[in-house]
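Please read this briefing alongside the structure.

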Amino acid sequence: MPVQSKPHSPSTVALQNLLQPVELHLEALRTFLNGQVEEFEEEIREHVAYCLKHSGKRIRPMLLFYGGWKGEGIINPAHVKAAAVVELVHLATLVHDDILDDAHIRHKSPTLSRLAGPEVAVLVGDALFAHALNLAADFPTTEVCKTVALATRRVCAGEIAQNFQKGNTELSRALYYRIIDYKTAELFRVSSLLGALLADYPAAFVEAAGGFGRHLGIAYQIFDDLTDILGKEENAGKTLGTDAANCKLTLPLMLLAEKFDAPERAAFVQSLRDGQVSGESLRERFEKEHIAEAVAAAFDHEIFLANRCLEPYGALPPVHRLLEISHFVAQMVNHLKH
């Protein structure tokens with residue numbers, strides 16, 4: 001009897017459909033990044049190669065390629081190099097995030113911090129940042145390097161701000177959104193913006209593409225924060241529960257805390273600090289208070305704002321492709337809720 005293959009989940013099929021038009025672009029990116037390993041000093045090449053080997057969904061490169069979309073089979077070398085720059089910055093932030101969160105798993109493999117120790121990992125992350133800026137400086141226009149350097153600074157500022165706010169029972173929604181705007185949405189914004197810029201699309205569309213990426217990035221971080229509580233590690237491929245364990249009051253935790261009066265809220269945060277809140281009990285509270293639905297509403301609003309940025313430019317080739325990405329991200333959160 002022939003062995004039947006396990007059917008792909010709807011999210012896996014959707015991702016495959018999204019990737020198919022840019023398969024050649026992503027292959028060119030993989031080749032370029034693998035070629036960059038030799039540019040690093042021999043002492044850290046093995047660690048850099050390990051980081052590159054364990055990449056995720058490559059949503060940021062897809063945003064860049066689709067932001068500058070001209071048609072299938074048309075690969076702009078400038079897009080490939082820019083995607084490599086963004087991916088290196090992103091990988092650097094992941095390496096540093098895993099140190100800060102004491103995470104052991106990333107993309108279903110041990111984190112670099114787990115393998116080599118946090119001292120080595122933080123310096124490898126720094127090297128990845130530095131190499132990204134070195135590549136960005138190769139572009140004939142200084143705008144690419146300036147844009148990436150500013151984005152890198154903002155990402156770091158967002159991470160610092162989040163760590164300063166650990167356990168803050170009075171964390172405001174405005175500050176939460178500012179943090180995720182910097183730490184996550186900034187690289188989404190830069191990706192779609194650089195794609196349009198390097199394809200010589202009109203300046204107004206370049207800005208609109210950046211706005212689309214920004215709101216999509218905010219939505220994606222909200223999804224990620226919900227995954228940290230409701231997701232399963234075998235599906236997510238990374239250590240979950242780190243936000244609660246590290247007293248990071250993300251939107252889902254803030255919405256739950258808002259259900260309590262001030263003394264109860266303080267006691268809830270203290271229980272997080274003391275490690276007395278299990279993932280199961282947290283999920284039970286979420287179900288009882290309908291927190292997932294409230295988080296999904298905030299997520300949907302950002303997807304709406306992202307799509308609205310592109311409304312005036314529907315005739316341009318990138319728009320349909322970019323909207324496919326937002327539809328995919330929307331499916332991810334719907335799948336998580338159910």
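The largest cavity in this predicted model has a volume of about 140 Å³.

**Largest cavity**
- Residues lining the largest cavity include Y50, C51, H54, L91 and L94.
- Helix α5 provides the largest share of the lining, 4 residues, and α3 (45–53) and α5 each supply at least two.
- By class, the lining of the largest cavity has 7 nonpolar, 3 polar and 2 charged residues.

**Second largest cavity**
- The second largest cavity is lined by Q162, Q165, L171, Y176, I179, I180, K248, L249 and T250.
- Helix α9 gives the most to this lining, with 3 residues.
- The lining of the second largest cavity divides into 5 nonpolar residues, 3 polar and 1 charged.

**Helices α9 and α10**
- Helix α9 (residues 173–198) packs against helix α10 (residues 203–230) at an angle of about 140°, and their axes are 6 Å apart.
- This angle makes α9 oblique to α10, because only angles over 145 degrees count as roughly antiparallel.
- The crossing of the two helices is right-handed.
- Their contact has 15 nonpolar, 6 polar and 6 charged residues.

**Residue I74**
- I74 sits in the loop between α4 (59–67) and α5 (77–101).
- I74 counts as partly exposed because its relative accessibility is 48%.
- The C-alpha atoms of I74 and Y50 are separated by 30 Å, and the two residues are 24 residues apart along the chain.

Note on methods: Residues numbered from 1 in each chain as written. Predicted model: local features only at pLDDT ≥ 70, side-chain atom pairs only at ≥ 80, totals over all residues. Heavy atoms only, no water. Buried < 20%, exposed > 50% of the residue type's maximum accessible area, 1.4 Å probe, protein only. Axes fitted to C-alpha atoms, helices over the stretch in contact; angles between N-to-C directions. Parallel < 35°, antiparallel > 145°, perpendicular 65-115°, else oblique. Left-handed = near helix turned anticlockwise from the far one by under 90°. Nonpolar A, V, L, I, M, F, W, Y, C, P; charged D, E, K, R; others polar. 1 Å grid on protein atoms, 1.4 Å probe; cavity = no way out; pocket = protein on both sides within 12 Å on 5 of 7 lines; lining within 4 Å. Points joined across faces, edges and corners; volume = space filled by probe spheres on them.
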